Amino acid sequence: MPNVKFYKNEDLPLEMHKVRIVQKLHLVPIERRLEALKDAGFNTYGLSTNDVFLDMLTDSGTNAMSDNQLAAMMKADDAYAGSQSFVRMKQAVEDVLGKQYLLPVHQGRAAENVLVRTFAKPGDIIPMNYHFTTFLAHTLEVGANIVEILHDDAFQTTSTNPFKGNIDIDKLVKFIEETGVDKIPFIRMEASTNLIGGQPFSIANMMDVRRVADKYGLLLVLDASLLGENAYLVKQREEKWKENTLGDIIKMMTGLADIVYFSARKLSSSRGGGICTNRHELHQKMEVIIPLFEGFLTYGGMSVREIEAIAVGLYETLDETMISQSPTFIKYLVENAESKGVPMVTPPGVLGAHINAAKFCDHLDPSEYPAASLGAAVYLCGGIRGMERGVMSSVRDENGVEIPSDVELLRLAVPRRVFTLSQMNYIVDRLEWLHDNRKLIGGLRWVYEPRVLRFFLGKMEPTSNWPHRLMEKFREDFGDSL
Ligand SMILES: Cc1ncc(COP(=O)(O)O)c(C=O)c1O
């Protein structure tokens, strides 16, 4: 955020943009919200935006775009092959991420598919700081697996550790020695580790991982979907990088990786994705898969308009006033909710405010999906749609038994430059009320459980009449308020 001091020392995040196009929102009554939840199978993915007031499901493809991005979309070069829009995206990738070879893909998970299909074989294990849902699913689909190598305190939901996304170097070395390099296709590092609360890694840690990769001749792959935010937190929290620009920090991180991939739905406030490298032989290895799954090499499943928006969005990632907006709103939300007794993940991370659902609903058994239940309850009491990031977002073991989640979180995403400060205050208000009435929240059970990525399409039902009782309590306390 800009260096603007308030007269009374208030610590308010100040927006450095003005709003010129708006979308009207609707807050439907709680009775309608309960009906909508039932229709959605108590899965927030199943809700229609007509029934959602504050859509905090994700920041993916929902960040506000800039006037310059929209303007660029108007001059896109529509061509199947050789489009100048792609040339502009390639140049932006080279300027911002420092990589000269680029493969376009239709979104982040498509990049994961290409990577895993190219480099992993059945029986392989990919070490990483933490998995992302779609990366894990692609890895399992090819018969390989993953291992997560974080420091133990990464799973402490309340912590002062500024870099919970760091890889534990000793454990990494031990894993490599025990597994053998032949079974390790690459090491993966995810910027702003999504599933543990948007927590960053430090540059010092990435340098150590690079040294290990060099020692054992392993590739280092960086998931850069949330790279701008990781860079911002490095600048805030890692002493050595305080005076550097976001551009320096981003280049430092991408320079340490052999391959960088990203979801442009996140990284550049647009749609699409990409895989980039400076190593020609790696580029060639992956290239052959692009026409099979994505499209020709100069569009990769994206519309040229999106490609133009990515190019501009990548340059905008270097703008601290833009990148800091979401993290400072998240900090505001986390600190205010915490001050009302709501158990939040700390230190505040990026992409969203994370509620510790295991603690919020400590009266529920883990088998009752506390984070999914809390997600349903938050929607019911406020029209606020979050996303379960716990056991429901994960997988069962080979015997069909649920694997307890490392953290059981409800994420309220804060897409860039979308929400206002008064909306943050409304969220805090509803969270406080719900926390005071948390014992009314009951559990959920599966009605339909898909084989892969079950959290997207799965349907659940409450284990008792608790949603109705929660609604009645809301009416009792709020009268005829929406
Ligand atoms: C860290 C990370 N990697 C990969 C992806 C997948 O990207 P996409 O949704 O564009 O397929 C996401 C999406 O949220 C993500 O957060």
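Which of the 15 residues around the ligand come nearest? In this predicted model, Gln-107, Gly-108, Arg-109, Ser-225 and Ser-263 hold that position. The shell around the ligand comprises eight polar, five charged and two nonpolar residues. At least two shell residues are supplied by each of helix H4 (108–119) and helix H10 (264–267).

Ile-203, Asn-205, Met-206, Val-209 and Ala-213 are the buried residues of H7. Viewed down the helix axis, these buried residues fall within an arc of 150° and therefore line one face of H7. Exposed residues on the other side of H7 are Met-207, Arg-211, Asp-214 and Lys-215. The elements covering the buried residues of H7 include helices H6 (169–179), H8 (227–237) and H9 (246–256), together with strands S5 (187–190) and S6 (220–223). After H7 comes Gly-217, which has a positive phi near 65°.

At the level of domains, the protein is divided into domain 1, formed by residues 30–59 and 326–478, and domain 2, formed by residues 67–318. The centres of the two domains, taken over C-alpha atoms, are separated by 28 Å. Contacts between the domains involve 19 residues of domain 1 and 21 residues of domain 2. On the side of domain 1 that touches domain 2, strand S9 (residues 352–356) gives the most, with three residues. That side of domain 1 has nine nonpolar, six polar and four charged residues.

Terms used
Residues numbered from 1 in each chain as written. Predicted model: local features only at pLDDT ≥ 70, side-chain atom pairs only at ≥ 80, totals over all residues. Buried ≥ 20, exposed ≤ 12 C-beta atoms within 10 Å, placed from the backbone. Helix = DSSP H or I, 4+ residues; strand = E, 2+ residues; numbered from the N terminus. Arc of directions from axis to C-beta. Contact = placed C-beta atoms within 7 Å. Near = placed C-beta within 6 Å. Nonpolar A, V, L, I, M, F, W, Y, C, P; charged D, E, K, R; others polar. Domains from an automatic or database assignment.
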